[in-house]
Amino acid sequence: MNNFEFKNPTKILFGKGEIEKLSSEIPQKSKVMMLYGGGSIKRNGIYEQVTKALLGFNLIEFGGIPPNPEYEILMGALEVIKEEKVDFLLAVGGGSVIDGTKFLSAAAFFEGDNPWDLLTQGKAIKKGMPYGAVLTLPATGSEMNSGLVITRKETKEKLSTGGPALFPQFSILDPEVVKSIPQHHLANGITDAFTHVLEQYMTYPMGALLQDRFAESILQTLIEVAPVIMKDPSDYNAAANFMWSCTMALNGLINKGVPEDWTVHLMGHELTAIFGIDHARTLAILAPSHYRYNFETKKAKLAQYAERVWNVTEGNEEEKAKAGIEKTEEFFHSLDIKTKLSEYTDDYSGTAENISKRFSERNWTGLGEHQSLKPEDVEKIIEMSY
Ligand code: NZQ
Ligand code: ZN
């Protein structure tokens with residue numbers, strides 16, 4: 001097992017009715033800006049619960065953060081934060097609203113001229129305005145991690161950054177919010193969290209027994225609750241297990257001391273930036289090809305995954321590994337998620353070349369758990385995903 005340091009300072013308040021406790025988590029004298037998305041919270045009662053819990057606070061609002069939070073829109077919020085001397089941010093939403101809020105937390109204390117530099121300078125962010133979150137959509141794990149992803153429409157870029165200052169102070173996880181989520185977004189959430197685990201697991205066996213079993217248990221739990229939640233999102237117990245699995249999939253626990261490979265996410269962000277395909281769906285398009293292309297280096301772990309997660313008992317290591325990839329694809333299909341780029345757009349010709357060129361320009365030349373994947377490999381993997 002590799003050496004590691006582990007610190008996660010986010011306080012989690014989990015369960016029914018926990019939103020009522022908001023007022024005890026935010027300093028009383030704060031000037032609070034509540035941030036939200038396109039309005040789902042006004043239709044499902046969450047807006048009402050939050051504003052009721054914050055009666056008496058000096059509260060302003062900023063709504064309209066779109067999925068794949070958009071830089072220009074966030075810059076509008078930043079102006080208000082400065083004008084109104086806001087000193088506490090509250091994200092009420094899914095990954096996009098939380099990531100947008102994280103970006104604002106960093107941008108509010110940024111000393112340069114252009115906050116976009118936060119995403120390109122490759123430095124960990126060490127200063128941020130305090131913020132909390134009320135999660136409305138289990139998926140990204142953003143509610144308990146320090147990473148963020150921001151999109152810039154004008155240049156079709158989608159970039160990530162993060163740093164120790166950007167963990168939420170607290171996140172409220174009330175599984176009752178799940179009942180209002182449309183099927184399409186439930187499927188996305190399951191797929192995103194499932195792939196987060198794979199990115200931290202599908203490398204090579206290295207004797208980290210507990211980390212492997214943490215990862216496998218999250219995958220198994222997602223597989224177990226997926227059909228229940230897709231059929232009936234108001235099943236509280238399934239919703240609670242789904243929500244906690246998504247958080248645990250990317251809160252910095254399961255990757256401790258083990259190699260990781262985030263290439264599927266890096267490639268996926270480009271597909272979202274270029275075509276606007278939902279984040280989770282880009283992962284389902286790319287992951288099977290990534291594992292097929294890197295079969296030799298990943299087959300031992302793929303076989304372990306097939307055995308332990310999917311109960312594949314027949315065949316040698318190679319056959320089990322192949323079955324593992326097929327089971328993954330079948331799982332995505334069971335959620336009505338398509339796994340080929342051509343099923344999302346007719347305009348895909350040249351995409352692989354274009355993305356590989358972007359990777360070269362950014363000097364992303366040593367990806368994967370062995371830092372061996374080059375832009376030429378990325379091009380082939382994307383071509384295999386057409
Ligand atoms: O905008 P509103 O009207 O609120 O509607 C949202 C949005 O349209 C809707 N929704 C959310 N909660 C709902 C609901 N509808 C009904 N009832 C509810 N309770 O769902 C739609 C999608 O929301 P969004 O926040 O975009 O989804 P998600 O949580 O999947 O976030 C995706 C973003 O997170 C980034 C992605 O790249 C993408 O930009 N990621 C962030 C990560 C992180 N910070 O660690 C890791 C991930 O890998 C990912 O890259
Ligand atoms: Zn993701």
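D212 is buried, at 10% relative accessibility (buried means under 20% relative accessible area, exposed over 50%, partly exposed in between, with a 1.4 Å probe and protein chains only). This is a predicted model, in which local features need pLDDT of at least 70 and side-chain atom pairs count only at pLDDT 80 or more, while totals for chains, interfaces and linings use all residues. Residues are numbered from 1 along each chain as its sequence is written, and side-chain values use heavy atoms, with hydrogens and water left out.

D212 forms a salt bridge with K301, and the closest N and O atoms are 3.0 Å apart (a salt bridge is a side-chain nitrogen of Lys or Arg within 4 Å of a carboxyl oxygen of Asp or Glu). Because D212 lies in helix α8 (residues 209–231) and K301 in helix α12 (residues 295–310), the pair ties together parts that are 89 residues apart in sequence. Helices (H or I, at least four residues) and strands (E, at least two) are DSSP runs, numbered from the N terminus. K301 is buried as well, with a relative accessible area of 3%.

Helix α12 also holds K298, which is linked to E369 in the loop between α14 (351–361) and α15 (375–384), 71 residues apart. Salt bridges that share partners join D261, K298 and E369 into one network.

The structure holds 17 salt bridges. Another of them pairs E84 with K31, at 3.1 Å between the closest N and O atoms. E84 lies in the loop between α4 (71–83) and β4 (88–93) and K31 in strand β2 (residues 31–36), so the pair links distant parts of the chain, 53 residues apart. E84 is partly exposed at 35% relative accessibility, whereas K31 is buried at 16%.

F4 sits in the segment before β1 (11–14) and is partly exposed, with a relative accessible area of 44%.

Technical notes:
Chains lettered and ligands numbered in written order.
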